[in-house]
Amino acid sequence: MIKERESGIQMLSVQPDTKPKGCAGCNRKIKDRYLLKALDKYWHEDCLKCACCDCRLGEVGSTLYTKANLILCRRDYLRLFGVTGNCAACSKLIPAFEMVMRAKENVYHLDCFACQLCNQRFCVGDKFFLKNNMILCQTDYEEGLMKEGYAPQVR
């Protein structure tokens, strides 16, 4: 099992009368005015970076994430390891970084967001209907109403 951890980042002011601390990133002494403390270690501000996007973690927030021996910013941690839930159409997990479509409390992969009768995919701005938790195109929705004895109202 891969251990994961959320950790805080503290920015500390270096006191002139203290012995310089070693940086966990580069192993050199920290002689700067400020240093970061994270994961019970001390870091130069430039050395505590996300393993994916290389952003300086002290600048993007007060939290970092570790998993699989990687130090990550929140965005990359969620992109790599997070999930938004299951797709309402295919039931597969949706990674947190993936674009989705939502209809009420349901979440869908973009490729799965289609009429569940004729498989017509919807584009942004297309009209769709949610009936009995099924996504329907206008044609299939109106045909279903006709079979039930309801005529759609034309405005």
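Colleague: What percentage of the 155 residues in the chain count as buried?

Modeller: It's 26% of the 155 residues. Keep in mind that this is a predicted model, where local features need pLDDT of at least 70 and side-chain atom pairs count only at pLDDT 80 or more, while totals for chains, interfaces and linings use all residues. Residues are numbered from 1 along each chain as its sequence is written, and side-chain values use heavy atoms, with hydrogens and water left out.

Colleague: What makes Phe122 buried?

Modeller: Buried means under 20% relative accessible area, exposed means over 50%, and partly exposed is in between, with a 1.4 Å probe and protein chains only. Phe122 has a relative accessible area of 9%, so it's buried. Its place is in the loop between β9 (106–109) and β10.

Colleague: Which residues does Phe122 touch, not counting those up to four places away in sequence?

Modeller: Contact means heavy atoms within 4.5 Å. On that basis Phe122 touches Phe113, Ala114, Cys115, Lys127, Phe128, Ile135, Leu136 and Cys137. Phe122 also belongs to one aromatic cluster with Tyr108, Phe113 and Phe128.

Colleague: Why is the Phe129 and Tyr141 pair called stacked?

Modeller: Rings of Phe, Tyr and Trp (its six-membered ring) pair if their centres lie within 6.5 Å; planes under 30 degrees apart count as stacked, over 60 as edge-to-face and the rest as tilted. By this rule there are six aromatic pairs. Phe129 and Tyr141 come out at 4.1 Å centre to centre and 0° between the planes, which makes the pair stacked. Phe129 lies in strand β10 (residues 129–131) and Tyr141 in helix α3 (residues 138–147), so the pair ties together parts that are 12 residues apart in sequence.

Colleague: How do you know that Tyr141 is partly exposed?

Modeller: Tyr141 has 23% relative accessibility, so it falls in the in-between band.

Colleague: What makes you say the charged end of Lys21 sits over the ring of Tyr42?

Modeller: The rule asks for NZ of Lys or CZ of Arg within 6 Å of the ring centre and within 35 degrees of the ring normal. The charged end of Lys21 is 5.0 Å from the centre of the Tyr42 ring, and it counts as sitting over that ring.

Colleague: How many helices and strands are there in the chain?

Modeller: Three helices and 11 strands. Helices (H or I, at least four residues) and strands (E, at least two) are DSSP runs, numbered from the N terminus. Read along the sequence, the pattern is β-β-β-α-β-β-α-β-β-β-β-β-β-α.

Colleague: Where does UniProt place the feature "domain: LIM zinc-binding"?

Modeller: The unreviewed UniProt entry puts it at residues 21–83 and 85–147. UniProt positions are in the numbering used here, feature names are shortened, and annotations may be inferred rather than shown by experiment. Over residues 85–147 the chain is 16% helix and 30% strand, with the end C-alpha atoms 35 Å apart.

Colleague: Is Val60 buried or exposed?

Modeller: Exposed: Val60 has 52% relative accessibility, which is over the cut-off. Val60 is in helix α1 (residues 57–60).
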